[in-house]
2 protein chains.
Amino acid sequence: MKLYDFFRSSAAYRVRIALNLKGLRCDRLFVNLRTGEDKTDAYRAVNPQGLVPTLALADGRALTQSLAICEYLEECYPNPPLLPPDPAGRARVRALAQLVACDIHPLNNLRVLDYLTGVLGVDEAAKLTWYRHWIAEGFTALEAQLNSSPDTGRFCHGDAPTLADVFLVPQVFNGRRFECDLSPYPTVTRLASAGEELDAFQAAHPDRQPDAV
Amino acid sequence: MKLYDFFRSSAAYRVRIALNLKGLRCDRLFVNLRTGEDKTDAYRAVNPQGLVPTLALADGRALTQSLAICEYLEECYPNPPLLPPDPAGRARVRALAQLVACDIHPLNNLRVLDYLTGVLGVDEAAKLTWYRHWIAEGFTALEAQLNSSPDTGRFCHGDAPTLADVFLVPQVFNGRRFECDLSPYPTVTRLASAGEELDAFQAAHPDRQPDAV
C-alpha cells in the first residue's frame, strides 16, 4: 500500500491515525497542496478529484475519501477493531465520525475559504468568523451527542479508540489552530486529549510528518 | 423502527431509498424544517443536533447521519446488498457516496445558504452561483471517477444499485431543482436515470411524500 499524504490535510491525518492504530506501515508519497501538486496531471492520474489522501493498493486500485479508506482498513485488518461489534454501536461511531466529516470539515476546507475570499470578497475577519461558526455549530452538536449517551467512556465509544476518535482529534486540532473558543465543549476536549495521549495519534500529528514545514 | 423524515431533505431521501430497496417498512414522523420543528425541544430530545433523518430503534436508541443509518440497514438487513462483497469494491462505493455526502451536499445545505445571505449579505444571484459551483466541482469529480473505472456499469458499481446510487440520485435531483447545467456529466445523469427508473427510488421521491407541499 502507498499513501498519498500531506501533513496539513485533516483527512490524511485521520488515515495516518487509523494506520498507526492498526500497526500498519505503508509507503508514503507527499502531495504538496500549497504548491499545487494536487492539480498536476501526474496526481490526477492517481486521483481524478485531486484530493488527498489516496490509498493506492498493490493491484493498482486507488482508494479515496478518508472514511471509505478507514472502513477498508477495518475490513482488511480487523485488529485492533476501530468499530464496535454491535450494529447500533457501529452506527453511533460512524455517526460521530460523519458529524465531523460531513457537518464541520467540508465547510472549512481550503477550497471553500478560497471561494469566500476570492469570489465573494469576504475579508479575513469575516472568514475567521465563518470558520469558527461552523466549528461552534458542530462541536455544540457533538458535545450534546456525547453527553446524551451512556456509551461515551474514556474515548468517544467506550474505553478504546474508535473511528469517532480518529475523526475527532484532527478536528479539535483545527479548532485550536484557528483559535476557536473550545471551553463550551469539555467532553469534546477531554476525549480529544485522551486520543492525543496515545502514540498512534502522536505519530500522526501534522507537525511530526516528514513534509511538515 | 421509526423514521423522522422531511420530504425535502436530501439526507432523508437517501434513507427512504435504502429502506425501499431493502423492502423495509417503518413508521414515519415528519419534521417540518420550514416551520422550525427541527428546533423544538421535543425533536432535540430525539436528535440533539436537530437534523433529519433520525432512525429510532425499538429499544429507544436514535441513529443519526444518513450514511451511518444506511450502513446499519446494510448490516441488519443484508439482502439485497447495497455494498459489493469485496473490500476494495466496498471502498469504491463508499467513496462515491462520500463524494456526495462530504464534498457536495454540505456546502449547499439550507443552513449554509442562510449564512451566506443572512450573515455575509450575499445576494440571490451570488448564492445561486455558489450552489452551482459546488455541484459543478463535485459532478466533475464524480464524472471522472465513474469514467475512469471498469466497475461502473448500468449502475454506479456494476449492474445493481448500491449506496453510491442511493446518494447520487438525490444530489442529481438537487442539481436539476437549482437548474444546474448537467450536460457536462453524461455518465452521472445516465446513472441517476437508471436509479430513477426503479420503484424503490420513485417511491422515495420528495414530491411523493405525505408531507410534500
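These points describe the strands, helix packing and chain contacts of a predicted model.

1. Basis. The model is predicted, so local features need pLDDT of at least 70 and side-chain atom pairs count only at pLDDT 80 or more, while totals for chains, interfaces and linings use all residues. Residues are numbered from 1 along each chain as its sequence is written, and chains are lettered from A and ligands numbered from 1 in the order in which they are written.

2. Symmetry. Chain B is superposed on chain A by a rotation of 180 degrees with 0.0 Å of shift along the axis, at an RMSD of 0.0 Å. The two copies are thus related as by a two-fold rotation axis. The superposition is by least squares on the C-alpha atoms of residues with pLDDT of at least 70 in both copies. Among the residues of chain B, B:Cys102 comes closest to the rotation axis, with its C-alpha at 2.4 Å.

3. Chain contact. In chain B, 35 residues are in contact with 35 residues of chain A; contact here requires C-beta atoms, placed from the backbone, within 7 Å. Of the contact residues of chain B, 100% recur in chain A, and the same surface serves both copies.

4. Make-up of the contact. On the chain B side, the elements giving two or more residues are β4, α3 (66-76), α4 (87-104) and α6 (124-147). Helices (H or I, at least four residues) and strands (E, at least two) are DSSP runs, numbered from the N terminus. The most comes from α4(B), with 11 residues. This side of chain B has 23 nonpolar, 6 polar and 6 charged residues. Ala, Val, Leu, Ile, Met, Phe, Trp, Tyr, Cys and Pro count as nonpolar, Asp, Glu, Lys and Arg as charged, and the others, Gly among them, as polar.

5. Sheet of chain B. Here 4 strands form an open sheet in the order β2-β1-β3-β4, with mixed pairing; strands pair if DSSP finds at least two bridges between them. Strands β2 (27-30) and β4 (62-64) of chain B stand at the edges with a single partner strand each, so one side of each is left without a neighbour in the sheet. From one strand to the next the twist averages 25 degrees. Strands β1 (residues 2-5) and β3 (residues 54-56) of chain B pair in the antiparallel sense over 3 bridges. B:Tyr4 has B:Thr54 of β3(B) as its bridge partner.

6. Sheet of chain A. The strand order in chain A is β2-β1-β3-β4, again in an open sheet of 4 strands with mixed pairing. Strand β1 (residues 2-5) of chain A pairs with β2(A) in the parallel sense over 4 bridges. Opposite A:Lys2 stands A:Asp27 in β2(A).

7. Helices α4 and α6 of chain A. Helix α4 (residues 87-104) packs on helix α6 (residues 124-147) at about 165 degrees, with the axes 10 Å apart. Axes are lines fitted to C-alpha atoms, for helices over the stretch in contact, and angles run from 0 to 180 degrees between N-to-C directions. The pair α4(A) and α6(A) is therefore roughly antiparallel (an angle over 145 degrees). Contact residues include A:Leu96 and A:Leu99 of α4(A) and A:Trp134 and A:Ile135 of α6(A).

8. Helices α7 and α8 of chain B. Helix α7 (residues 163-177) and helix α8 (residues 186-196) pack at about 105 degrees, with axes 9 Å apart. That makes α7(B) roughly perpendicular to α8(B) (65 to 115 degrees). The contact of α7(B) with α8(B) has 6 nonpolar, 2 polar and 2 charged residues.

Notes: Contact = placed C-beta atoms within 7 Å. Parallel < 35°, antiparallel > 145°, perpendicular 65-115°, else oblique.
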